[in-house]
Amino acid sequence: MKELSIVVFTMKGCPHCVEFKKMLKENDVKFYDRDIDEYKEEYDLFSEITNNDMIPALLIVETLDDKHESFLYVPEKDYDLLTEALELVNKHRKSFGII
């Protein structure tokens with residue numbers, strides 16, 4: 001089985017989050033939206049691992065058969081612009097033959 005899961009950590013009222021989700025939808029990117037208030041424990045763990053609490057943040061999981069590889073991307077560490085975050089997503093989508 002080959003699967004690509006894209007999780008985007010966002011927050012209600014965050015203009016950057018709204019814009020990024022719009023960009024993903026315009027590019028036909030399927031993603032799971034995780035509001036950091038609703039998924040607080042999950043996001044707290046993510047923040048602890050990445051040592052960063054900025055949003056929108058990305059968790060990308062690549063699954064090939066029974067092997068999983070996770071990639072964590074956060075603003076001001078892995079990207080500065082939303083277009084750069086979209087490029088990271090598209091890099092994974094290309095490697096999976098989605099685009």
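This is a predicted model: local features need pLDDT of at least 70, side-chain atom pairs count only at pLDDT 80 or more; totals for chains, interfaces and linings use all residues.
Which exposed residues does the face of helix 2 turned away from its buried side carry?

**Stop 1: helix 2, outward face.** Select residues 40–50, which form helix 2. Then pick out Glu 41, Glu 48 and Ile 49: these exposed residues sit on the face turned away from the helix's buried side.

**Stop 2: helix 2, buried side.** Now select Tyr 43, Phe 46, Ser 47 and Thr 50, the buried residues of helix 2. Look down the helix axis: these residues fall within an arc of 100°, so they line one face of the helix. An α-helix has 3.6 residues a turn, so residues three or four places apart point the same way.

**Stop 3: the cover.** Show strand 1 (2–10), strand 3 (57–64) and strand 4 (67–73) next. These strands are among the elements that cover the buried residues of helix 2.

**Stop 4: the end of helix 2.** Move on to Asn 51, which follows helix 2. The phi of Asn 51 is positive, near 55°.

**Stop 5: Lys 12.** Go to the loop between strand 1 and helix 1 (15–26) and select Lys 12. Is Lys 12 buried or exposed? Lys 12 has a relative accessible area of 58%, and because exposed means over 50%, this residue counts as exposed.

**Stop 6: around Lys 12.** Finish with Ile 36: its C-alpha lies 8.6 Å from that of Lys 12, although the two are 24 residues apart in sequence.

Technical notes. Residues are numbered from 1 along each chain as its sequence is written. Side-chain values use heavy atoms; hydrogens and water are left out. Buried means under 20% relative accessible area, exposed over 50%, partly exposed in between (1.4 Å probe, protein chains only). Helices (H or I, at least four residues) and strands (E, at least two) are DSSP runs, numbered from the N terminus. The arc is that of the directions from the helix axis to the C-beta atoms. Contact means heavy atoms within 4.5 Å.
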